[in-house]
Amino acid sequence: MSDSKQTHGAPSWIEHCGSDHQKARTFYQKVFGWDVLEHPMEGNVIYPIIAVDGNNIGGFKPFADEEPGWLLYITVDDVDARTDIATDLGATLVMPPADIPGVGRIAVFKDPQGAKMALIKYAAPEA
């Protein structure tokens, strides 16, 4: 894992959310020259992962999203505690803290101005 995946407060992943991840993938591959890797997930779902110089930096959400855009993931020391702080300060919870197998613990909220952000604490790498 890169340092940003372990550093509290650092951006560590980007995810495209939209209605057609294949069209988005093709568009951004042409714009930036990104490599996109096919990553199998549970339920026969393929998660397209964006790679730059061999480093995985993000992905294309394989499901349609009613709010198109890019979702930024920020690494935190404790997803539950940071989610509580955000909601106490006026954030609206979009996805409560949840464990994602093989990834880590994630929550998504909208800040008081309506901007969406994800918090993540990555799972320890398997030995």
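## Salt bridges

A salt bridge is a side-chain nitrogen of Lys or Arg within 4 Å of a carboxyl oxygen of Asp or Glu. In this predicted model, the side chains of Asp99 and Arg105 meet that rule, with 3.1 Å from N to O. The count of salt bridges by this rule comes to 5.

Asp99 and Arg105 also belong to a network of salt bridges that links them with Asp80. Asp99 has a relative accessible area of 56%, so Asp99 is exposed. For Arg105 the relative accessible area is 23%, so Arg105 counts as partly exposed.

## Arg25 and Glu38

Another salt bridge joins the side chains of Arg25 and Glu38, at 2.3 Å from N to O. This pair links distant parts of the chain, with its two residues 13 residues apart. Arg25 lies in helix 1, which covers residues 21-32, and Glu38 lies in strand 2, which covers residues 35-41.

The two partners can be described by their accessibility. Arg25 is buried because its relative accessible area is 12%, which is under the 20% cut-off. Glu38 has a relative accessibility of 46% and therefore counts as partly exposed, as this value falls between the cut-offs of 20% and 50%.

## Asp77 and Arg82

The side chains of Asp77 and Arg82 form a salt bridge as well, with an N to O distance of 3.0 Å. Asp77 counts as partly exposed because its relative accessibility is 38%. Arg82, at 31% relative accessibility, counts as partly exposed too.

## Aromatic residues

The model has 9 aromatic pairs by the rule applied to rings of Phe, Tyr and Trp. One of these is formed by Tyr28 and Trp34, whose ring centres are 5.8 Å apart. The angle between the two planes is 25°, so the pair counts as stacked, the cut-off being under 30 degrees. Tyr28 is buried, and Trp34 is buried as well.

Tyr28 and Trp34 are also members of one aromatic cluster.

## Summary

The predicted model contains 5 salt bridges and 9 aromatic pairs. Among the aromatic pairs, Tyr28 and Trp34 are stacked, and both residues are buried.

How values were computed: Residues numbered from 1 in each chain as written. Predicted model: local features only at pLDDT ≥ 70, side-chain atom pairs only at ≥ 80, totals over all residues. Heavy atoms only, no water. Phe/Tyr/Trp six-rings, centres within 6.5 Å; stacked < 30°, edge-to-face > 60°. Buried < 20%, exposed > 50% of the residue type's maximum accessible area, 1.4 Å probe, protein only. Helix = DSSP H or I, 4+ residues; strand = E, 2+ residues; numbered from the N terminus.
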